[in-house]
Amino acid sequence: MKGALLGRARNERIVTAHRLRYDRVTAVQSHAACRLGGDRDAGPPAQNARGKRMLERSFAGAGTSTEGASASRREAPAGETVSRTRAAVLHEAGKPWDIVELDLDPPKETEVLVELKAAGLCHSDEHVRAGDSRARLPMVGGHEGSGVVVATGAKVTRVAVGDHIVCSFIPVCGTCRYCQTGRSSLCDRGLFAGVGCLPDQTFRFHENGEDVGGLCVLGTFSEYAVVSEWSVTKIHDWLPFDIAALVGCGVTTGWGSAVYASQVRAGDAVVVFGIGGVGINAVQGARFAGAKHLVAVDPVPFKLEMAEKVGATRTFTDPDEAQDYITEVTWGQGADHAILTVGVMTADVVDRGIKIVGKGGTITITGIPKQGEMTIVQNSAAITGWQKRIQGTIFGSSNPLYDIPRLLSLWESGDLMLNELITRRYKLEEVNEGYQDMLDGKNVRGVIVYDD
Ligand SMILES: NC(=O)c1ccc[n+]([C@@H]2O[C@H](COP(=O)([O-])OP(=O)(O)OC[C@H]3O[C@@H](n4cnc5c(N)ncnc54)[C@H](O)[C@@H]3O)[C@@H](O)[C@H]2O)c1
Ligand SMILES: [Zn+2]
Ligand SMILES: [Zn+2]
């Protein structure tokens, strides 16, 4: 009898262990699926005197400064909260962004209320709007943003009221398997990117009583947002907000696609397909890493002019001409790296990437395809025989808490061109016009700037 009881207890332990393992596997799988393009139904300074002054200003009295906060549009007192915000919300895929007033809950224990100052218009939001990437709706758009912390929950330690921050479109919890192994762009807390709820699976934005998500657990197309402390990176308070916002996605993703994912080395031949807000920074990263031949391909001549300004050695509107050029200058060896940052990934672009790299080459797929469309469809014999590597990268395989401030310091030192990337600034109400300009090839990056 005792043996039977022990046996049953043992069996229950085994069943529990299996269930836990199953839950974990399900969580990991839905993590992958719930990132952009996931399942809509898934649940809820420097050495000089100036630099030293900047440092003092930035860190002295951290946690007590209310600079920036007191000048807010809604006069939200530092450390207090606001209950309404204006935001661009997507109610239905295929329709434009709607500018609406939302109710906003106060931050919970590990959350912060941010007054947004600038938000970049990345193509990934357009994927959601167009229905290319499925997401739970309604959703406040925007995952590239910068702003000021105006209130914090009781247990927040990463930032304090008055801190200037850049939003990280993947949260960085610091404790999951991926954060612990230096791969925080894969943080498990990115799970709800396409659902838009906070890590506790509840929502802070509401419209007429209905829960509204924030894209990538953010929602930067809003005057205010309540986000997890895991989703913010503190920056110096003298950095321009519009420049800083870009580093929340496009700059870091592009730079990292070249430097981290592709691991471009001195003397390499690199081809970047698609010179938008992401691709232009892949060009900058590859240049800084020492690429000898740095080819940019884009159908829009204006984008190629920009690519040349930031370091491309040759540019082509016609990818066949780029192929011939690379074959010639590498003496038939092919490129070392193809970085694919086109707006909508297609099988044709992936095929061209595979073809343009030589033996041992890497094809890094950063751009996002339409949901469900097959984009890797080649026979794999040459990939095996010539040891080519096809890989994806999210957030440029970066570590946001480290890379966001570092890339801003490279901007300060003049090694990274960011001012030049902002083609036009928009008001929140002009978000649809901003995206149309992106689609029409007019912008390298458009940025929403919030009024003071
Ligand atoms: N993996 C990630 O972490 C990550 C992060 C941000 C954005 N993205 C994705 O990266 C892609 C680029 O984003 P963006 O904001 O730079 O977009 P964008 O629209 O600003 O730029 C895309 C560029 O691609 C060019 N293009 C289109 N078709 C092309 C083709 N066949 N060959 C060459 N160029 C072509 C366009 O002219 C444009 O200049 C999008 O799919 C976006 O969703 C991925
Ligand atoms: Zn983005
Ligand atoms: Zn983590």
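**Ligand 1**

I sorted the shell around ligand 1 by class and found 14 nonpolar, 15 polar and two charged residues. Here Ala, Val, Leu, Ile, Met, Phe, Trp, Tyr, Cys and Pro count as nonpolar, Asp, Glu, Lys and Arg as charged, and the others, Gly among them, as polar. I note that this is a predicted model, in which local features need pLDDT of at least 70 and side-chain atom pairs count only at pLDDT 80 or more, while totals for chains, interfaces and linings use all residues. Residues are numbered from 1 along each chain as its sequence is written, and chains are lettered from A and ligands numbered from 1 in the order in which they are written.

I then looked up which of the 31 residues around ligand 1 come nearest, and they are His-123, Gly-274, Gly-276, Val-278 and Gly-343. A residue is near the molecule if its C-beta atom, placed from the backbone, lies within 6 Å of it. Helix H3 (123–130) and helix H7 (250–261) each supply at least two residues of this shell; H3 gives the most, with three. Helices (H or I, at least four residues) and strands (E, at least two) are DSSP runs, numbered from the N terminus.

**The open sheet**

I traced six strands in an open sheet, in the order E13-E12-E11-E14-E15-E16, with parallel pairing. E13 and strand E16 (389–392) stand at the edges with a single partner strand each, so one side of each has no neighbour in the sheet. Two strands pair if DSSP finds at least two bridges between them. Between E12 and E13, which run parallel, I found three bridges. One entry concerns Val-295, whose bridge partner in E13 is Arg-314.

**Helix H9**

In H9 (residues 301–309) I found Lys-303, Met-306 and Ala-307 buried. The three cover an arc of only 105° around the axis, which puts them on the same side of H9; the arc is that of the directions from the helix axis to the C-beta atoms. A residue is buried if 20 or more other C-beta atoms lie within 10 Å of its own, exposed if 12 or fewer, and partly exposed in between, with C-beta atoms placed from the backbone. After H9 comes Gly-311, with a positive phi near 125°.

**Gln-333**

I located Gln-333 in the loop between helix H10 (319–329) and strand E14 (335–340). Gln-333 is partly exposed, because 15 other C-beta atoms lie within 10 Å. Its C-alpha atom is separated by 7.3 Å from that of Lys-359, 26 residues apart along the chain.
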